[in-house]
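Take a moment to turn the structure slowly before reading on. The paragraphs below go from the whole chain to some of its parts.

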Amino acid sequence: MIFTELGGLAASVAHEVDGLNGIVTVADAAGRILASWGDRATLVRASDANLAPWGCWSECAVGTNGMGTALEARGPVLIRGAEHWCRAFHDWVCAGVAVRHVVTGEPIAVMNISCWRTQLPEAATRWLGNAATTAQGTLNRRARDSGAELAAAFTQAKALSGTGVAAVDTAGKVVIADEPASLLMGVRPYVSAVDPDQRWDSGLPDLTRIVRYASKTAAHTPDWVGSTQIYAHLRDEPTPITIRPVFLRGGLVGHLIWLGGASEGAQTLPATGPGHPWMKPRRLVAVREDRTVLLRLPEVCFAESDGNNVWLFTDQGRFRSASQGLDKLDEELTDAGFLRVHRRYVVNLSRVREIERGFKGELFLVMDNRKDDMVPVSRRHASAVRRALGL
């Protein structure tokens, strides 16, 4: 378990802050503290502030703090004294870093150093970064093992089926697909992408959304099987698919997808595509000065990530999104006509007016807002953009 390894790493970091009125904590993805290390006097003082096992430190529970804020941000965060939302924690200085799932990018755990009325050592964020990197290395190895398991499951399924077959991870990234499935998903056939950094984006938002739904369902019902229809680019008719979860050592690692009719016992899911909105967000919540603004989706031209903030660009100007992080916003909009085109940008495809090519072949999307903003397209997302725009 990753928490066991984090416990060992936290204990070694606690040794570094010994004598500095400091403690080290490890919390889960909900901000609930699982364990803490430090000298007895500081542990007692921390317990009085609920900085102890089973105390919840998510941002929604206690406001800005080392653990909760790290869960919402990328990389280490430092929260000093009065930067804590709650006045009761102003005597503490905290630094935290989240460990994230290699495939989905969702936080799994967070490690935090807290010092009472003492400055954190300059090396504190480096200690946390090294601990997070070590934990991520373990998660990377497990992700490669899960990719190999998905590739093996694909080979077995292909031998028993005459229809198109693909294997995808829990985020909907393609690990391997046969020729019929590869044509639907726009990936290379029979090329295994075991490493999580090499897996392909199918460019099918409906498929991504269905896979994420299947992942949540299969986590509670391992024998679950689902079927539905998805619309692919340049195809007038929907494609029926069946999706079945794949497990490794009791943990969900991805799914097998069959093209064609539903298999026996499969749960029928709502159809996707035109005329079939499913859990589609109606509004985006944004903030301007001291006002909360509800934006209709057609109003939003594109979203840009700027550090920990996400800015929504509209004809009325830009608004700061209430969603924490572009990944979360991308997930919310994946079935609503928006597409990730760059690590910093998500665009509303219906607001793209022109495509411009740079001197070196790079693509830029010219948006139809008042300023004719241009959004860069990264090489990684170029093929998905072309498919989405029918190029």
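Helices (H or I, at least four residues) and strands (E, at least two) are DSSP runs, numbered from the N terminus. With that convention, the protein chain comes to 9 helices and 21 strands. What you see is a predicted model, in which local features need a pLDDT of at least 70 and side-chain atom pairs count only at pLDDT 80 or more, while totals for chains, interfaces and linings use all residues. Residues are numbered from 1 along each chain as its sequence is written, and side-chain values use heavy atoms, with hydrogens and water left out.

The pLDDT is the predictor's confidence in each residue, from 0 to 100. Its mean over the protein chain is 83, and 89% of the residues reach 70 or more. Over residues 274-281, however, the pLDDT is below 50, and this stretch has 16 contacts (heavy atoms within 4.5 Å) in the model beyond near neighbours in sequence. Where pLDDT is low, the predicted coordinates should not be read in detail.

Of the 391 residues of the protein chain, 50% count as buried, where buried means under 20% relative accessible area, exposed over 50%, and partly exposed in between (1.4 Å probe, protein chains only). Among contacts between residues at least 6 apart in sequence, 51% join residues at least 24 apart.

Now find helix α2 (residues 40-48), whose N-terminal end is capped by D39, with a side-chain oxygen of D39 lying 3.3 Å from the backbone nitrogen of A41. After α2 comes N50, whose phi is positive, near 70°. W54 is found in the loop between α2 and α3 (59-62), and the phi of W54 is near 80°, a positive value in a residue other than glycine. Because its relative accessibility is 62%, W54 counts as exposed.

Strand β9 (residues 239-248) contains T239. Is T239 buried or exposed? T239 counts as buried because its relative accessibility is 9%, and, not counting residues up to four places away in sequence, T239 touches L184, T228, Q229, I230 and L259. R249 has its place in the loop between β9 and β10 (251-259). R249 is exposed, with a relative accessible area of 68%, and its phi is near 50°, again a positive value in a residue other than glycine.

Two strands pair if DSSP finds at least two bridges between them. Strand β14 (residues 300-306) pairs with β18 in the antiparallel sense over 3 bridges, and E304 stands opposite Y345 in β18. Strand β17 (residues 338-342) also pairs with β18 in the antiparallel sense, over 4 bridges, with N348 of β18 as the bridge partner of F338. Between β17 and β18, which form a hairpin, there are 2 residues.

On a 1 Å grid over the protein atoms alone, a cavity is a set of points where a 1.4 Å probe fits but cannot get out, and lining residues have an atom within 4 Å of a point. The largest cavity is lined by A49, L51, W57, F89, W92, C94 and S114.

Definitions and conventions: Polar contact = N/O pair within 3.5 Å; in protein donor to acceptor, adjacent residues only side chain to side chain. 1 Å grid on protein atoms, 1.4 Å probe; cavity = no way out; pocket = protein on both sides within 12 Å on 5 of 7 lines; lining within 4 Å.
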